[in-house]
Amino acid sequence: MVSLRTATLDDIPALEALITESVMVLQPEYTREQRVAALGSVFGVDRRMIADGTYFAATVDTAIVGCGGWSRRKTPFGGDRSPAKDDSFLDPAVDAARIRAFFIHPAWTRRGIGSSILRACEAAAAAASFTRVELTSTLAGVPLYAVHGFLPQEEFGVPLANGGKLPVIRMTKALPA
Ligand SMILES: CC(C)(COP(=O)(O)OP(=O)(O)OC[C@H]1O[C@@H](n2cnc3c(N)ncnc32)[C@H](O)[C@@H]1OP(=O)(O)O)[C@@H](O)C(=O)NCCC(=O)NCCS
């Protein structure tokens with residue numbers, strides 16, 4: 001019923017609507033002000049990942065119900081206007097591939113969609129010779145990543161445009177050989 005495909009630039013309006021819905025409903029750990037300030041920068045679409053063919057859309061019929069991706073570039077999190085944007089390439093021999101921007105529609109959570117996108121990302125990163133993956137998780141995302149073997153490394157605050165900070169957790173995982 002749920003299918004995975006790579007996202008295209010034509011998907012961007014649907015992806016942006018999905019991301020807003022997911023953030024505003026599924027992140028009660030953050031204040032409304034934090035979420036509104038983070039949308040479009042920390043939470044948003046990165047056209048570079050779509051152009052790279054490393055961003056996935058989970059669909060039911062033609063509707064996009066989830067998204068998430070991986071990257072061989074250094075940007076650790078966020079959309080086109082990420083405060084940490086750096087599109088230079090990682091080196092699979094020494095660096096961890098990035099796992100980024102997972103958002104599931106509130107009506108479609110706890111059905112394994114986030115997990116299936118995560119497995120697709122890990123497989124693609126392994127096929128690109130990465131042996132480790134790393135992500136910057138929201139507080140809401142930690143249980144998903146923990147159950148898939150990611151270990152928390154540090155908590156820090158991402159600066160927001162309104163002067164506030166968004167607490168996030170950097171997590172890492174070694175890919176099976
Ligand atoms: C976090 C998120 C991506 C999880 O997606 P999902 O498709 O619901 O995850 P899955 O169904 O694959 O969950 C797999 C397992 O992860 C754990 N898990 C996932 N969401 C959880 C939650 N809200 N509370 C506790 N455990 C959770 C559970 O062990 C779950 O297995 P179970 O349902 O059999 O108990 C989704 O809730 C979401 O979009 N949240 C808002 C956006 C966000 O913060 N994204 C993370 C960005 S880093």
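Predicted model: local features only at pLDDT ≥ 70, side-chain atom pairs only at ≥ 80, totals over all residues.
Let me start with Ala58, which, leaving aside residues up to four places away in sequence, touches Val2, Leu4, Ile64, Val65, Gly66, Cys67, Ile113 and Ile117, where contact means that the C-beta atoms, placed from the backbone, lie within 7 Å. Residues are numbered from 1 along each chain as its sequence is written.

Ala58 and Cys67 have the most contacts inside the largest nonpolar core, which has 42 residues; such a core is a set of buried Ala, Val, Leu, Ile, Met, Phe, Trp, Tyr and Cys residues joined through C-beta atoms within 7 Å. Strand S4 gives the largest share of this core, six residues.

Turning to helix H1, its buried residues are Leu15, Leu18, Ile19, Ser22 and Val23, buried meaning 20 or more other C-beta atoms within 10 Å of a residue's own, exposed 12 or fewer, and partly exposed in between. Seen down the axis of H1, these buried residues fall within an arc of 125°, so they line one face of the helix, the arc being that of the directions from the helix axis to the C-beta atoms. They pack against helix H2 (32-38), strand S3 (63-71) and S4, whereas the face turned away from the buried side carries the exposed Pro13 and Ala17. Helices (H or I, at least four residues) and strands (E, at least two) are DSSP runs, numbered from the N terminus.

Conventions. Contact = placed C-beta atoms within 7 Å.
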